[in-house]
Amino acid sequence: MPEVTEPYQPGTPCWIDVVASDQAAALDFYAQVFGWEGRPGPPETGGYALCTLQGKPVAGIMSAEAMGDQPPPPPVWTSYFSTADADATLQAVTRNGGTVFTPAVEVMNLGRMLVAADPTGAVFGVWEPRDFPGAGVVNEPGALLWNELNTTDPEAAAAFYEAALGLSAAPMEGAEDYFSLSVEGRPVGGMRPLDEGAPPDAGSHWLVYFAVADTDGTVAKVSAAGGTVRREPFDMVAGRMAVVQDPQGAAFALLAPEPMTA
């Protein structure tokens with residue numbers, strides 16, 4: 001079901017957010033493209049904006065200015081994975097060759113989080129839920145649909161995510177050089193080798209996919225709102241897809257899924 005009513009199983013992508021140098025402009029952009037509603041949050045959260053779709057939390061937008069003396073991270077969407085114990089996950093990350101950028105910290109009464117990178121350089125987040133489990137709606141237009149690791153070393157990445165987050169990688173049937181990432185047999189994400197034609201500075205990264213009803217129509221909205229098309233709409237095994245970026249440079253994918261057949 002699109003609406004999430006049960007806690008996310010550990011290892012499952014549960015939340016996404018993006019850093020913006022101009023938070024107000026980012027809020028406007030995603031409102032135009034996906035119909036999200038959101039406004040800057042209170043000072044105690046660094047102004048973090050919780051965006052909603054149909055009244056349910058769907059994503060976060062944080063201001064780069066809230067980073068204080070630290071250099072702001074690049075404009076990129078971050079995928080967060082649910083965990084029952086952030087400290088244990090942190091230890092597993094470091095024990096298996098990952099790098100921790102933000103150690104496990106309290107986020108008021110909402111939960112605990114950390115940000116790290118896998119051994120191939122892909123950055124991801126970890127969320128230990130308390131009062132906030134994560135996205136309240138997924139798999140419907142305007143909401144998170146899929147999280148995909150594009151990596152320079154699929155073998156090393158697979159071993160890391162198995163050990164650190166309990167994600168099992170296996171070749172995906174019908175998709176060449178593509179792997180499913182599963183939690184106890186249930187696919188929750190994907191993995192593929194980094195494209196040879198990718199920009200030199202692309203590096204390993206997690207790509208966020210949003211579900212849309214009309215890929216071409218949404219691409220037109222992205223362009224009208226000041227975004228850029230990185231890969232024009234095309235048909236693939238899961239549906240019609242495009243890769244775009246917002247006006248501040250954060251890339252994301254759009255996918256109108258093929259209807260499920262009985």
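The following legends describe several close-up views of a predicted model.

In this predicted model, local features need pLDDT of at least 70 and side-chain atom pairs count only at pLDDT 80 or more, whereas totals for chains, interfaces and linings use all residues. Residues are numbered from 1 along each chain as its sequence is written, and side-chain values use heavy atoms, with hydrogens and water left out.

**View 1. The seven-stranded open sheet is of mixed pairing.** Helices (H or I, at least four residues) and strands (E, at least two) are DSSP runs, numbered from the N terminus. Two strands are taken as paired if DSSP finds at least two bridges between them. The order of the strands is β2-β3-β1-β4-β7-β6-β5. At the edges stand β2 (49-53) and β5 (99-107); each has a single partner strand, so one side of each is left without a neighbour in the sheet. From one strand to the next, the twist averages 25°. Axes are lines fitted to C-alpha atoms, for helices over the stretch in contact, and angles run from 0 to 180 degrees between N-to-C directions. Five bridges pair β2 with strand β3 (residues 56-63) in the antiparallel sense; Cys51 has Ala59 in β3 as its bridge partner.

**View 2. Helices α1 and α2 lie against strands of the seven-stranded sheet.** Contact here means heavy atoms within 4.5 Å. Helix α1 (residues 23-34) packs on the sheet and touches β1 (13-20), β2, β3 and β4 (77-82). The direction of α1 makes about 150° with that of β3. Helix α2 (residues 86-95) lies across β5, β6 (111-117) and β7 (123-129), and α2 runs at about 175° to β5.

**View 3. Eight strands form another open sheet of mixed pairing.** The order is β9-β10-β11-β8-β12-β15-β14-β13. Because β9 (168-171) and β13 (228-236) stand at the edges with a single partner strand each, one side of each is left without a neighbour in the sheet. The twist averages 30° from one strand to the next. Strand β8 (residues 144-151) and strand β11 (residues 186-193) run parallel and are joined by four bridges; Leu149 stands opposite Met191 in β11.

**View 4. Strand β10 has antiparallel pairings with β9 and β11.** Four bridges join β9 to β10, with Ser182 in β10 as the bridge partner of Ser168. Five bridges link β10 and β11, and Val183 is opposite Arg186 in β11. Four of the five residues of strand β10 (residues 179-183) are buried, so β10 is largely enclosed by the rest of the structure. Buried means under 20% relative accessible area, exposed over 50% and partly exposed in between (1.4 Å probe, protein chains only).

**View 5. Asp177 and Glu184 have positive phi values.** Asp177, which is not a glycine, has a phi of about 55° and is placed in the loop between β9 and β10. Its relative accessibility is 54%, so Asp177 counts as exposed. Two residues separate β10 from β11 in a hairpin, and Glu184 in the turn has a phi of about 50°. Glu184 also counts as exposed, at 73% relative accessibility.

**View 6. Ala251 is placed in strand β15 (residues 251-257).** Ala251 counts as buried, at 19% relative accessibility. Ala251 and Trp77 are 174 residues apart in sequence, and their C-alpha atoms are 7.1 Å apart in space. Leaving aside neighbours within four places in sequence, Ala251 is in contact with Trp77, Leu207, Arg230, Val244 and Gln245.

**View 7. The largest nonpolar core has 45 residues.** A nonpolar core is a set of buried Ala, Val, Leu, Ile, Met, Phe, Trp, Tyr and Cys residues joined through side-chain atoms within 4.5 Å. Trp36, Trp77 and Phe252 have the most contacts inside the largest core. Another core, of 23 residues, lies apart from it and includes Phe81, Ala92, Ala164 and Val188.

**View 8. Helix α4 (residues 215-224) has buried residues at Thr215, Thr218, Val219 and Val222.** Seen down the axis of α4, these buried residues fall within an arc of 105°, so they line one face of the helix. The arc is that of the directions from the helix axis to the C-beta atoms. Their cover includes α1, β13, β14 (239-245) and β15. Just after α4, Gly226 takes a positive phi of about 100°.
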